[in-house]
Amino acid sequence: MDNKTIVAIEIASSKIKGAVGTVSPDGRVTVQAVAETPSQGNVRYGRVQNIREVSSAVSDMLRKLEESQAVAPRRIRSLALSLGGRSLAGVLSKAALTFTKECEITANQVERLANEATNDIVGDRCVQAKVPRTYYVNNSSVPRPIGTYGESLRGEFTIVTCAKETRQNIDRLRFEGIEPGNTAVVVLPLAIADFVLTQEEKSVGTVFADFGAETTTVAVYKDGSLAFLCTIPMGSRLISRDLMAALSTTEENAAEIIREYSSKGGNNDKENEIGNYIHARAGEIMANVQHQLEAAGFGKDVVCKAVITGGATNIPDIQEQFEFQTKLKARIAEMPSNVTFCVPNRNNADNIDIVALLAASAPHFLDSCLTNIEITQEEETEDDPVVVVQETVHRHQPQHHVIDDNDDNLLGDDPDDEPQEESNHGGGFRKIFGFGKRTNKKNKPAPIDDFDEEPETDSYVEEKKERKKPGTEPDEGILDGFGKRIMKIFTEPEHLYDDDEDENTDK
């Protein structure tokens with residue numbers, strides 16, 4: 001199995017981020033290009049609101065990715081989109097199948113069992129994922145039922161759903177150069193959790209919390225699979241709005257104040273006051289996380305660890321505050337070691353979401369999301385020789401002259417017409433007809449195009465080599481053949497042509 005080049009787009013409340021990366025069969029990710037742009041209020045609580053503007057923003061981002069050095073001259077032909085938002089939730093569901101006799105459990109039967117589990121989902125909801133929790137074959141728990149034998153098959157699933165409008169708006173997006181059927185939709189919170197959680201953390205019981213701009217997603221993993229999922233409509237943007245009201249400033253300035261506080265901490269009374277606003281709102285969000293866990297029956301006696309990620313994790317002492325409120329040992333998610341960045345200054349926790357989307361999207365594509373680069377190179381190679389041949393033909397023909405009667409510089413190019421030693425008859429012949437002299441191009445008369453007959457070029461060349469020695473009579477063939485054509489090419493005074501050609505020859 002070869003590596004796949006994947007293109008992923010994360011559509012979030014605060015920003016739209018895209019990346020191109022190579023995913024190997026063993027899960028290693030090499031990020032080749034990253035781009036992002038603010039969502040400009042077109043995405044609220046994780047749901048796309050303005051279809052046209054989001055489509056335009058994503059199309060512009062795709063063009064930026066194509067122009068990057070790692071992608072050009074290839075083009076993006078397919079991509080993966082993230083799905084999240086306040087309506088995302090998980091619900092426990094069960095299903096069972098009974099067979100007439102003992103048989104081998106196949107993949108088709110397991111898929112049929114998962115589909116049966118979704119029949120209990122009612123209302124205006126769209127099923128996005130069917131995550132298995134436990135399988136039972138003949139009432140015995142088995143981790144992988146395919147290949148076992150039994151008369152009955154039961155299963156427990158966590159069915160991940162979202163509001164129908166949330167999914168419809170994702171499907172309505174259209175991007176320049178991308179066919180509608182060439183997009184895959186991936187549930188982002190599940191992708192991030194699978195990316196940053198270890199298998200041990202999934203087995204012992206771990207709370208995963210992703211603090212976004214307008215939503216906070218909470219998931220619980222127990223016995224190696226997803227046991228609970230919910231979304232709280234509260235995020236770090238509430239902290240910015242608190243500072244807007246307290247400091248009478250804009251949301252952009254408030255966000256910048258939070259970033260400065262996150263990098264410096266509280267060093268004076270003013271910064272300490274800002275820190276109090278930040279931690280007060282963060283504590284309220286964490287209290288809601290704790291309430292959701294307790295309401296679902298996942299208290300500290302069921303789960304023992306927590307992993308947190310998102311923009312709020314940049315706030316100083318946020319990890320300690322989470323541990324104090326939830327009474328769980330927590331750690332901040334870090335970029336896994338099997339990720340390599342070709343883009344400088346990007347290998348940090350802020351890009352965990354988009355890299356996780358790249359890794360989770362690989363199984364959804366049979367081939368690369370980019371066009372084949374070899375095809376583009378072949379097309380360019382076919383055009384190059386044509387240009388080179390044309391230049392060579394026009395520049396290099398100096399050694400093989402073909403006499404052309406229409407050539408204005410016919411006599412000037414003749415090497416025998418150089419001012420060297422001339423015979424008596426040859427000199428007189430040139431004086432009579434005026435050829436052999438260097439003619440000024442400005443005063444040269446226009447040639448006559450309508451010839452009576454074609455020039456006998458080969459015979460002229462042979463006769464020229466056998467020219468008579470000085471003192472002998474001029475060759476008759478030269479006068480009759482080439483001399484007549486010279487008189488037609490060059491316009492001379494009329495008195496030179498009044499006499500008969502034979503008389504001129506006798507002279």
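How many helices and strands are there in the protein? In this predicted model, the protein has 15 helices and 17 strands. Of its 507 residues, 43% are buried. Among contacts with a separation of 6 or more, 67% are made by residues 24 or more positions apart. The protein exposes about 28,600 Å², and carbon and sulfur atoms supply 46% of that area.

From these totals the description passes to the largest pocket. The volume of the largest pocket is about 1,500 Å³, and 50 residues line it. Nearest the centre of the largest pocket lie Ser14, Lys15, Ala213, Ser236 and Gly311. By residue class, the lining of the largest pocket comprises 22 polar, 16 nonpolar and 12 charged residues. Helix α7, which spans residues 251–264, gives the most to this lining, contributing six residues.

Val142 belongs to strand β9, which covers residues 140–142. Is Val142 buried or exposed? Its relative accessible area is 18%, and because buried means under 20% relative accessible area, Val142 counts as buried. When residues up to four places away in sequence are not counted, Val142 touches Tyr135 and Val137. Val142 and Gly155 stand 13 residues apart in sequence, and their C-alpha atoms are 9.9 Å apart in space.

Technical notes:
Residues are numbered from 1 along each chain as its sequence is written. This is a predicted model: local features need pLDDT of at least 70, side-chain atom pairs count only at pLDDT 80 or more; totals for chains, interfaces and linings use all residues. Side-chain values use heavy atoms; hydrogens and water are left out. On a 1 Å grid over the protein atoms alone, a cavity is a set of points where a 1.4 Å probe fits but cannot get out, and a pocket is an open set with protein on both sides within 12 Å along at least five of seven lines; lining residues have an atom within 4 Å of a point. Grid points are joined across faces, edges and corners, and a volume is the space filled by probe spheres set on the points. Helices (H or I, at least four residues) and strands (E, at least two) are DSSP runs, numbered from the N terminus. Ala, Val, Leu, Ile, Met, Phe, Trp, Tyr, Cys and Pro count as nonpolar, Asp, Glu, Lys and Arg as charged, and the others, Gly among them, as polar. Buried means under 20% relative accessible area, exposed over 50%, partly exposed in between (1.4 Å probe, protein chains only). Contact means heavy atoms within 4.5 Å. Accessible areas come from the Shrake-Rupley method with a 1.4 Å probe; for residues, only the protein chains shown count as cover.
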